[in-house]
Amino acid sequence: MINFKELASTYKTPLYIYDLNYMTKQYEELKEAFKGRKSLMAYAIKSNSNLSIIKHFADLGSGADCVSIGEVRRAFLAGIPSYKIIFSGVGKSDDEIREAIQKDILYINVESEAELGRVELIAKELGATCRISIRVNPNIDPLTHPYISTGLHDNKFGVEIDTAKRMYIRANNSEHLDPVGIHFHIGSQLTELKPIYESAEIVADMVRSLQNIKIELKFFDIGGGLGVKYKDEVTIKPYDYAQAILGTLKGLDLTVVCEPGRFLTANAGYFLTKVLYEKQNGAKRFVVVDGGMNDLLRPSLYKAYHKIEAISQSRTDESKADVVGPVCESGDFFAKDCLLPILEHNDLLVVHSAGAYGFGMGSNYNTRGRSAEVALKDGVARLIRRREEFEDLVALEKEFLVK
Ligand code: LLP
């Protein structure tokens, strides 16, 4: 049991809290599911990029899936070895590509023919050979929220099979490119196995057709995407997930690379916020709290559901309320029509499943400092990021203040 009251009194609110033991459990379960096959878990840093969280996964043996050179640098800082780092993303700049090649990471996931050309040119300038993988867009509907769907031709990610084939041939003939892997990632918060299986099959067939033209790959990168339970979702079991994928790889000697984010971090995280006021506008009841959409954007952006639990002495009947923050936007809410007792000033609300895409999607909108982050390990709490103060927020502007 997490003592939220004590954490609130020690670290103040709003506050992110992460249970490292839970992250370990999730990591081990997923890794175990792929046993019997060479595999690399490459933690998707974007889901929670706090250095201590990355370090925690590094200590478990994880690699990192990164989507910017900033994330690559974080991975290095947290102690992930270069040979376990992958760099994906549709829009890598020349500088980012250059640094990734210089850092000799495992491979760059290339997402277009134009990008392949840049990578080749930059590797040539550096007198290097860059290991690459190509992100294939299998044109499969992942059956998830449209904003986090990535495997359809309508989405900006990856390249079609035919384009990928051309790119592999080009890479294979280049002195400066070494095609070592193939990648797909069809979306996030996936709760259906069929689209994953179908995509894996398409991509595995592509590996076989490349073998026929003497292009031998080593890594089969299945992306991330495993869904988690926010409310009443029936989720895919890691064992079934692994079996579905491994079933498509018969006869292929490939290392499976998995890029889990949400599965490892979402339900390890809690966002703790304090009640400021109760208010009623006509028939509508609002509970105003000290955290806002700048801290946790998912409800506003995706209408995402996050369970909210009240920590209060209140014995009143529960009634429906919108839980809203102080940000100057009507979209600033954590829940609509959430059943809660009448709350007092300083009562606490725990927003569950906040460990993935929570803090990282935060902002300083309305000149609000980002909350502190705390990690719990074996029942012991440690601050892993201090609260942002006003001085932090203006630091990059002050010296440029127009006279
Ligand atoms: N690999 C690639 C190439 C990705 O694009 C992503 C997520 C992952 C791995 C990790 O996916 P996961 O295992 O976490 O599903 N902000 C959204 C989620 C965006 C996901 C972007 N890509 C949200 O809050 O739901």
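This is a predicted model: local features need pLDDT of at least 70, side-chain atom pairs count only at pLDDT 80 or more; totals for chains, interfaces and linings use all residues.
Student: Which residue is the bridge partner of Arg 135 in S7?
Tutor: Strand S6, residues 130–135, is joined to S7 by six bridges, and these two strands run parallel. Within this pairing, the S7 partner of Arg 135 is His 183.

Student: Which residue of S8 is the bridge partner of Ile 182?
Tutor: S7 also pairs with strand S8, residues 219–221, in the parallel sense and over three bridges. Among the residues that take part, Ile 182 has as its partner in S8 Phe 220.

Student: Against which elements do the buried residues of H9 pack?
Tutor: Helix H9 spans residues 238–247, and its buried residues are Pro 238, Tyr 241, Ala 242, Ala 244, Ile 245 and Leu 246. An α-helix has 3.6 residues a turn, so residues three or four places apart point the same way. The elements that the buried residues of H9 pack against are helix H2 (20–33), helix H8 (193–212), S8, strand S9 (255–258) and helix H10 (262–265).

Student: Is Ala 266 buried or exposed, and with which residues beyond its sequence neighbours is it in contact?
Tutor: Ala 266 lies in the loop between H10 and strand S10 (269–281). Its relative accessibility is 0%, so Ala 266 counts as buried. Once neighbours within four places in sequence are left aside, the residues in contact with Ala 266 are Val 228, Tyr 230, Ser 353, Ala 354, Gly 355 and Ala 356.

Student: How many Å apart in space are Ala 266 and Ile 85?
Tutor: Along the sequence, Ala 266 and Ile 85 are separated by 181 residues. Taken from C-alpha to C-alpha, their separation in space is 22 Å.

Student: What is the radius of gyration of the chain?
Tutor: The chain contains 12 helices and 17 strands. For its 403 residues the globule rule gives 22 Å, and the value for the chain is close to this, so the chain is as compact as a globular protein of that length. The radius of gyration itself is 23 Å.

Student: What percentage of the residues of the chain count as buried?
Tutor: Among contacts between residues at least 6 apart in sequence, 70% join residues at least 24 apart. Of the 403 residues, the share that count as buried is 56%.

Notes:
Residues are numbered from 1 along each chain as its sequence is written. Side-chain values use heavy atoms; hydrogens and water are left out. Helices (H or I, at least four residues) and strands (E, at least two) are DSSP runs, numbered from the N terminus. The radius of gyration is taken over C-alpha atoms; the globule rule is 2.2 Å times the number of residues to the power 0.38. Buried means under 20% relative accessible area, exposed over 50%, partly exposed in between (1.4 Å probe, protein chains only). Contact means heavy atoms within 4.5 Å. Two strands pair if DSSP finds at least two bridges between them.
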